[in-house]
Amino acid sequence: MKPKETSEHYVLSSSPHAHSHASVSRIMLDVIIALLPTTIAGVWFFGMPAVWTIAVCVSTCVVTEALCRLAMKRESTIGDFSAILTGPLLALNLPAGLPLWMAVVGSVFAIAVCKQVFGGLGKNPFNPALAARAFMLISFTGPMTIWLKPYWWRAPDAVTTATPLAAMKTMFTSAALSSATPRAGEGGIPSLWDLIIGNMPGCIGEVSAAALALGAVYLFIRKVITWHIPVSYLVTVWVYSLISGGAPAHIHILTGGVMISAFFMATDYATSPTTGKGKLIFGFGCGLLSMLIRQFGSYPEGCSFAILIMNSVCPLINRWTQPKPFGYKRK
Amino acid sequence: MVTAIVCIAGIGLVAAVILAISDRYLSVREDPRIGMVLSALPGANCGGCGFAGCDAYARALVEGTAPNGACPAGGDAVAAEIAKILGVEASATEKRVAIIKCLGTRSEAIRVGDYNGICDCSVAAATAGGDKGCVYGCLGYGACANVCPKHAISVVDGLAKVDKRLCIGCGKCVAVCPRKLIELVPASAMIHVLCNNPDKGPAVRKVCGVGCMGCHLCEKNSGGKEAGHFTFDGFLAKVNYANPPADPQIVAKCPAKCMIEDPHFESAH
Amino acid sequence: MSLPTDGKDLVESMKTVKSKFKFRGGVHPDYNKDLARDKAIERMPVPSELVISMSQHLGAPAKCIVKAGDYVTRGQIIGERNGFISVCVRASASGLVKAVEKRLGAAGGSAPAVVLDTTAPVPEGVVVPEGPILQPLDWKTASREDLLKRVEEAGICGMGGAGFPSSVKLNPPPGKRCEYLIVNGAECEPYLCADHRLMVERASRIRLGVEIMRKILGECAVRIAVEANKPDAIAALEEAFADMVGNVEIVVLPVLYPQGSEKHQIFATVGRVVPEPPALPIDVGCVVENVGTTVAIADAVEKGEPLLERVTTVSGDAVAEPKNIIAPSGTKYSDLVAFCSGVKEPPAKVISGGTMMGFAVPHLDISTTKTTSGLLLLSRKRVFQYTSQACINCGRCVRACPMYINPAEISKAVEADDIADAERAHVMTCIECGACSFACPAHRTITQFCRRAKNSIRARIAAEKAKAVAAQSAAEKKEPAK
């Protein structure tokens, strides 16, 4: 017979017994909140197709995550909000008006192949949203590069158009030929105001620099991300565009995926280095590769591929940049 | 055409010469018996022999630096086979298996706290002495199960148990248990005392419903002290495995219910 | 940073300065010090039963020299110093030895302990000595050796937590000189106020202790390190040290956990960095002593009173009346709680020490030692539950770690049972301060993973040593045969 136990047991755990109250779900929620301004801006410019793309991506990601965990007989991880976050991250990197079944395929790929196959949150080597986007760009090249004009419903004659990036691509070569510096408002480049508020064709979430910056400020205030990756990323893009002599530096930063990549995509925890020094190297690599692809690659935009390439060297960067313990001499 | 033939032939010739030279001067002559011994060994790499895996033991055997019969997994059969290969006498071994000297499941032994931490016995034991009331008993966080190369140990209801049919007696679990309650015993022994608490009866009864109280009834029922089937450490009975008891009646007569008679150590749990 | 005195500037006066050095990392836990901060130290009556452990300090446990049935008087040695890193244990009250048995200590291990019945009548023939237990010394005239011997025979060890024998610390090995004596009054652990109250109420005793230690160590600069969240303690110390001659500074440290860690304290106060192990603070010319230890040294020398009692903060939201209590060492936690008028609500977790580095205990039948700085009773809502989520690689632990190691890598390596990888990631440098677990959003038990790795590595080193010793003795046995 079992002896009588005292009714109240104390919790026995190893120290520390205090906690900062930080949690994974809160971090994910913070990023979702930080994405709201750019989501709203995207919907403002691209209308209902943007809403549908986002809704389909979020719901597909959550359902895929739940099914994957069920199939693997592991506990459900819907509660950590990471799948809910992957949805908008992917959707915001897609053009509005993309056939919805493609968004479904991309979302399933992001969660099932890019995340759960590797063991779930924190163990994925590549940013799921970006890997899925790259997968879609290669698989559905046509639909993935058809861009709705902002306020397309007001211009029934020409709904789709080219992005400013396509115009800039030619600038790298034309700038070399003629010394005339292209100015904003010329040759398919929107005005500075339009660049900042996002009145230009592009992916749903990447157009509005102002909304992205607002979200980034929230992330900094909540201490979700550190300054290292965004700063080194943006400075690298800035310096590169100054040296290369293509389009002006601010246009490079404000168009395409640079802003959303620097603040939201490259800063993904699982696929970026943990140390400050490593983050600086990572941001530099992302910026450099983005610009190299913009200048020399066959795609007009290179942020997604740049980050994916840097994701793959992240373990190496982590290895190189291990901190030196307090008091240890450098060997 | 001719150039190509000459080129390929030339490359082939140079390569052949290099290979011939390296075979002559760089070759490593390995005793063929190492491979034979290795194939005779079970290949579990359990480390029970004290060497880093079967390969290391095979080399040591052939070099003559290890005794034949140290392989707990293979037992006599393997020792005899190796003896045939090496032409040496096999020192007789008896197959041994691990027993976990505790029967204190969650439904039998009390817990004194809610442990909240990583599932590992050594750290659980280091956290406030463990959450089990009995400081000698199995914590049930599976350190032994994690190191078992044959998956012979499972943890059920907060208590580790060994499946005798799978155990190869490598002793890895013995080494990792922070409570030191796993012992290797002859596989032929059928009667075991599964308790590790040497405290007095009342103290044991306070923490566990199936702990040995040192009442000596097992000794009396098996022919008394002179029969020598049991030894005592404080108030804890221990089976003398050099002279194990055979009468299963004593198990049923144990008032503490801390003895089992079972070929697989299973039904008791 | 002023240089240590070289004898010429003895007239230099005491200064209060702000710390100029800040280490990277660290965290800001909820301090909750207001519960007991303003409670004056109260002396508790001697409880009817004391359980005095033989292992109250770092190093080898003392050797018990009494047995059940003996009557011991207050201050009598009941455990002898057992090795170089060890201190003696004295009876903290007169009483009858009921038993000498193994008892669970707060840190989780069992050690022999003497159970004393303090209500037992004094048997015939036993004389309870009157007056001071040891002969009071005049520190100004006493020799350095006498003072050191007194610290040793008073059974004094570091009272901040680790319990390193003070007589060893105050006696630097030949060739090494102490340039800075640092008195640690940081008390960065949440809830605890014992050192804070000592500084407020016994600043003059701290000064006396400092003067004695300075005499033992030879002429050296004195730094008293206090966190900025204790302005009343700083004011009291300023008053007490105002006329002290020599290079004396009260260093106000920024509020940051783990400011009280020896290595970080040395860096924050004098800007020196203790090199990698096996280097000790004395290798950079520093000796750090806790304020409690400083008071104990003053009492041992001036009053002849060995270390028999200490101030313990009993706090937490489940305690009816949080208090700072002077209790004889060996007082059971249940007696401490009873002296605080019991509990307000059933505690869900009981911690010996602070919430960052203290030990959770399974019951209140455990006794205080010379290093018990606090006893915390937390209600269910204050108890944090660890889960086993996967690491999301956020790097918060890396930023929080004051030792600049990578706790995330270590925790993942230990999870995969790769202790060698954890060792490569410098897990042995870990001071187990808990900043990583505190910061982890995935609620991982990172500190416990580090502990597990350290335990395995220590066990491996011990096994290797034992093997080497066995091999050597075997070789020696063989030798004569040849």
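Helices (H or I, at least four residues) and strands (E, at least two) are DSSP runs numbered from the N terminus, and two strands are taken to pair if DSSP finds at least two bridges between them. Both strands belong to an open sheet of six strands in chain C, ordered S2-S15-S14-S18-S16-S17, in which the pairing is mixed. Strand S2 (41-43) and strand S17 (359-361) of chain C each have a single partner strand and stand at the edges, so one side of each is left without a neighbour in the sheet. On average, and with direction ignored, neighbouring strands of this sheet are turned by 30° against each other.

Helix H3 (residues 194-201) of chain C lies across S2, strand S14 (309-315), strand S15 (323-328) and S18 of that chain, and runs at about 120° to S14(C); axes are lines fitted to C-alpha atoms, for helices over the stretch in contact, and angles run from 0 to 180 degrees between N-to-C directions.

A further open sheet of chain C consists of four strands in the order S3-S9-S8-S5, with antiparallel pairing, and its edge strands, S3 (49-53) and S5 (71-72), pair on one side only. Within chain C, strand S8 (residues 95-104) and strand S9 (residues 110-117) pair in the antiparallel sense over eight bridges, and C:Ala113 in S9(C) is the bridge partner of C:Glu101.

Chain C has 13 helices and 18 strands, and 55% of its 482 residues count as buried, that is, with 20 or more other C-beta atoms, placed from the backbone, within 10 Å of their own. Among the contacts in chain C with a separation of 6 or more, 73% are between residues 24 or more positions apart, a contact requiring C-beta atoms, placed from the backbone, to lie within 7 Å.

Between chains, 14 residues of chain B are in contact with 17 residues of chain C, and helix H5 (residues 121-126) of chain B gives the most to the side of chain B that touches chain C, with three residues.

Residues are numbered from 1 along each chain as its sequence is written, and chains are lettered from A and ligands numbered from 1 in the order in which they are written. Local features of the predicted model need pLDDT of at least 70 and side-chain atom pairs count only at pLDDT 80 or more, whereas totals for chains, interfaces and linings use all residues.

Notes. Two residues are in contact if their C-beta atoms, placed from the backbone, lie within 7 Å. A residue is buried if 20 or more other C-beta atoms lie within 10 Å of its own, exposed if 12 or fewer, and partly exposed in between; C-beta atoms are placed from the backbone.
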